[in-house]
Amino acid sequence: MVEQSVKFSVRSFHVHYGHYNALRDLNLDIRANEIFTVIGPANSGKTTFLNSLNRLIDLVPASRCSGEIKLDGIDIRHGMEVEALRRKVGIVFALPLPLPISIFENVVYGLRMQGIREQRRLDEAVERSLTEAYLWEEVKDRLSTPAMNLSGGQQQRLCMARILAGQPDVLLFDEPTSGLDPISTARIEETMLILKDKYTIVLVTNNVAQAARVGERTAFFLMGEMIEVSETSKIFTTPADKRTSDYITGKFG
Amino acid sequence: MKPIRLRKQKEWIIEKAILLSGIFSVVFVVMIFLFLLREGFSLFRGESVIDFLFGKSWYPISNPPRFGILPLILGSLLVTLGAAAISVPIGIAAALYIAEIAPRRLKEALKAGIELLAAIPSVVIGFIGMITLGPWIKAFFKVPTGLTALTGSVTLAFMAMPTIVSIAEDAITAVPRQYREAAVAMGATPWQTTWRIVARAARPGMLAAVMLGIGRVVGETMAVMMVTGNAAVIPRSFLQPVRTLTATIAAEMGESVQGGPHYAALFAIGIVLFIITFLINGVADLYLHRSRR
Amino acid sequence: MHPRLTQKIAHAVLLLATLLVVLPVAAILVIIVAKGASAISWDFLFSMPRDGMTAGGIFPAILGTLYLVLGAIIFAVPLGVLAAVYLVEYSSDNWLSRLVKLSIVNLAGVPSVVYGLFGLGIFVTFFHFGASILSGSLTLGIMILPVIITSSREALESVPRHFRTVSLSLGASRWQTIRYSVLPHALPGILTGMILGLGRAAGETAPILFTVAAFYLPRLPQSIFDQTMALPYHLYVISTQVPGIAENVRYGTALVLLTLVLLLNLAAIILRSRFRRKKKW
C-alpha cells in the first residue's frame, strides 16, 4: 500500500457546548487526496467535527475546544491565522447558501476579501472554478445575474465553485445533497470523485448508501465518540463494533 | 494586493472604535447624571433634601427664596394620574383591537396612524390643546381658566396612547399561536380567546407598555407647559391650574441667574426627574424581558 | 349573556377605543390645515420676519431647524450605527452588553427637558460653546441616539445569520464580513431609522430651549457658534408670549412644523414597508 501523507491529524480532541460534551477524545488522521466520509445518527458530533476542521466552531458562543488538530503539521489554532485556515479548508453546507449577489460576485467573494482586484485574475478564477464545479456551461452567459435565481442543484455547485476559486487544499461537505433531488445528488457525487485528485475531501452524510458509493475510508460516530474508522468496504462488510453494524443495517438511526 | 499587516491594523482600529461606540451609551447616561449633580448640588448646601422634596412652597424669586417642590411633584402626579386614567383603558383596548380583531389591511393603516400620532411634536399638541381644549373646558365646567390639570391630563393622554398601544400590541401579537389554537379547539369564541387567554398571557408586556406610556407623560414638557396654567401651588382639584416638574424647569430657567440658587434648584428638579424616569424605565424594561421569555 | 352577543359588544367597544386614538390625529391635521393654510405663501416660507415678528416670514426658523437637525444626524448616525454593530456583531451576552442595553433604554426615557439641562451644563457651560448651533445639535444628537441605535439594531438583526457564516467560511475577517455581507443589506433599515431620528429632532423644543434657541435674531446664523431660531421654539413663543399675531400665522407655523415632521415619518414608514417587501432573501 502506498503510504499517503497525512493532511489532518486530530489528537485528544474534545468539544463542549457549555456543559454539553459534544465530541469526546477524538483521535484520527485524514490522509491527503482521499475521500473521508463520516456517518452516524443525529447529534453524534459529525457536524461538530467538521466545523472544528475549519474553526467555524468558534462562531458558537458557548463552545470550548481542547486537544489538537494539525493541518500539514501546523496547529490550526495556534500556528496560523483563522482566515488563512478557512481559505485552505473550504466548506459546502447542507442547504445551498448563495449570497444575495450576482453569480460572478459570489464566486470571487473570497478572492476580493484577500485583496485580489485585477479583473483579469478574477475572470480567470471564475471560469476555472465554475468549470471545475461543472457549472460553467450553464451560467457563462449570465454571470452578472442574481445567484438566487439558480435552481437548488445549481446553487450548490455555485457554492462549490466559490470555494474552488480560492484554490483550497481541503473540501468539507456537510450533508451536501440532503436537500437535492437524485439527479443533482448524483452530479455532486460524480464531481466529488473527480475533485479528489486535486483536493482532500471530508464528507459528512446521513445517507449511508452515499458513503458506500463515494467514500474511501469511513468513520462511524455515535453520541460524540468515534466508534471505529477503516476502509469503507471493510466497515460495510465486517465492522468491528456491533453498534456500527446495527446503524448500517438500519436497526437504529 | 494590500499588505495583510496594514489591513489587520486598520481592522483593529475599527473594531476598537466599535467597542467604544457601544460603551458611549453608558458613558452618556453617567455623564448626564454627573452634570445634573454638578450644577444642582450647590442647592443642598443651603437646604436639606427633605425640605426640597417635601417643602410646600415654591417661591424662587421671593426674598428669601423658598425651594420646596411638593406642589410641583403633586402637579406632575395629578396630571400623570389623570392622563393614565384616560390613556390606559383606551390604549389597551385599542391594542387588543388592532392585534386581534382588525383585518390585515386595516391593521396596517391603523398602526401607521398611531405612529403618526406619536410623531406629532409636543409643542404642536400643546398648541392645539391650548387653543381648542382649554376654552372648551372653561366653558363646560364654568371655571375661571381653561388651563387646568384636567386639560393637561387629556392632552397628555394623547401623547401616552401611541406608546401604550404600540408596545402592548407587540406584546399581544407575541403571544404564541398555540395558546389561541388551544382555546379555539376547546370551543371558545374569538372574544373569549382574546380576553381570557391572550390578554392574560400578554400581561407583563402590557404592564411594560403602560409604564413606558406613563414615563413619557412624566417627562413631557412643552405640551404641559402650554395647557396646565403654570400655577405652582398645591392642587386641590383637577379643575385648577397646576405646575409640573418639567414645566418649571423650562419656564424658569431663562429667569435664573447662572450659578445662583434658583439655577441650582432647577437642576435639582432635573435630578429628581432623571431618577423617576430611570426607575420607571428600568422596571418597564424588566417586565418587557419577562414577557419575551 | 350569550357568548356571541358578548363578543359583538366587546368588539364594538374596542373599535370605539381605537377610533378614539386615531381620529384625533385626523382632527388635529384638519384643524391645522384649515386654519393655517391661508398663511402659507412663498413670502411666509422664505422671507425674514418684520415688525417684531408680526409680519413677514419664518424662513430663519425653518433654516435653523434644518441646521440643528443636520448637525444632530451628523453626530448621532455614525456613533449610533457603530454602537448597534457592537451590540449585534461583537458583544456576547455578558454584563457589559446588558449594561449597554440598559443604558440605551434609559437614554430613550430621559425627559427632553433634562436633555436641555444636560446640554446647558456640558456644552454651553463646561465646554464654553455657549448657546449655539453646536450645543443644540450635540444635545439633540444625544437625544436621538437611542432611536438610531434601536432601528439600526433591528436592521442588522434582520440580516440572515447564514450570510455571516458563509462569508467567514470563505476566509473573510469579522470586520470584512460586517462591511461587505451585513451592512449593505441593513442599509435600508438604518436609513429608515435615520429619517425617524430626523423627524424627532425637528420637533423637539425643550432640548434647544437653553442650548441654542432665540426668538428674534436680526440675521441668519453665520457659524455653528451662533444662536438660531427654530420652528418648535418659534411656535411656542408666538402662541404663548407674543400678543397681536394673526391666528392664521400661528396655525401656519404649526402647519409648517407638522408638515415637516409628518412627511419625514411618512417617508420612513413607506421606506420600511417597501424594504420588507423587496427583500432579496
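A residue is called buried if 20 or more other C-beta atoms lie within 10 Å of its own, exposed if 12 or fewer, and partly exposed in between, with C-beta atoms placed from the backbone. By that rule, buried residues make up 44% of the 253 residues in chain A.

This is a predicted model, in which local features need pLDDT of at least 70 and side-chain atom pairs count only at pLDDT 80 or more, while totals for chains, interfaces and linings use all residues. Residues are numbered from 1 along each chain as its sequence is written, and chains are lettered from A and ligands numbered from 1 in the order in which they are written.

I shall begin with chain A. The C-alpha trace of chain A spans about 55 × 40 × 40 Å along its principal axes. The radius of gyration is taken over C-alpha atoms, and the globule rule is 2.2 Å times the number of residues to the power 0.38. For 253 residues, a compact globule would have a value near 18 Å, and chain A agrees, with 18 Å. Two residues are in contact if their C-beta atoms, placed from the backbone, lie within 7 Å. Of the contacts in chain A with a separation of 6 or more, 68% join residues 24 or more positions apart.

Chain A contains 10 helices and 10 strands; helices (H or I, at least four residues) and strands (E, at least two) are DSSP runs, numbered from the N terminus. Two strands pair if DSSP finds at least two bridges between them. In chain A, four strands form an open antiparallel sheet in the order E2-E1-E4-E5. Strands E2 (20-31) and E5 (74-75) of chain A stand at the edges, each with a single partner strand, so one side of each is left without a neighbour in the sheet. Strand E1 (residues 6-17) and strand E4 (residues 63-71) of chain A pair in the antiparallel sense over eight bridges. Val10(A) has Ile69(A), in E4(A), as its bridge partner.

I turn now to the contact between chains. Chain C contributes 15 residues and chain A 18 residues. On the side of chain C that touches chain A, helix H7 (161-169) and helix H8 (174-203) of chain C each supply at least two residues. H7(C) gives the largest share of that side, six residues.

Finally, chain B. Chain B is divided into domain 1 (4-40) and domain 2 (50-292), with bounds from an automatic or database domain assignment. Their centres, taken over C-alpha atoms, are separated by 33 Å.
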